[in-house]
Amino acid sequence: MPLLNEEITKRVAEQVVSLFPSARDLQVTWSSVVKIAQSLYREAPGNDPFRPDQRTPVKNFFLAGSYTRQV
C-alpha cells in the first residue's frame, strides 16, 4: 500500500468511527502498521486442519476471515 503509515492509521480510525459512531470521542493513542506484500495464508490442499476456529476462549471475541475454519 503506497501510503504513509500515518495516513493508513487516519483512514482506519475514520472507518472505525463510521462503523461505530460511539467511538467518535476516542483517540488513537498507539498504532502499528504492518505491510505485507503477500498474504500470510495460502489455500492449498491439506491446509484445512491448520486453519484456526472462529470461536476463541475469550468471551464474545471471534475470528473472522477466509483463513478461519468455517464449520
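Which residues does Thr-68 touch, not counting residues up to four places away in sequence? They are Arg-51, Pro-52, Gln-54 and Leu-63, where contact means heavy atoms within 4.5 Å.

The model is predicted: local features need pLDDT of at least 70, side-chain atom pairs count only at pLDDT 80 or more, and totals for chains, interfaces and linings use all residues. Residues are numbered from 1 along each chain as its sequence is written, and side-chain values use heavy atoms, with hydrogens and water left out.

Thr-68 belongs to the segment after H1. The side chains of Thr-68 and Gln-54 are joined by a polar contact of 3.2 Å (a pair of N or O atoms within 3.5 Å; within protein, one must be able to donate a hydrogen and the other to accept it, and residues adjacent in sequence count only if both atoms are side-chain atoms).

Asn-60 is also placed in the segment after H1. Its phi is near 60 degrees, a positive value in a residue other than glycine. Most residues other than glycine have a negative phi.

Leu-19 lies in helix H1, residues 5-19, and Val-12 is in helix H1 as well; helices are DSSP runs (H or I, at least four residues), numbered from the N terminus.

Accessibility classes are as follows: buried is under 20% relative accessible area, exposed over 50%, partly exposed in between (1.4 Å probe, protein chains only).

| Residue | Relative accessibility | Class |
|---|---|---|
| Val-12 | 44% | partly exposed |
| Leu-19 | 62% | exposed |
| Asn-60 | 67% | exposed |
| Thr-68 | 0% | buried |

Notes. Helix = DSSP H or I, 4+ residues; strand = E, 2+ residues; numbered from the N terminus.
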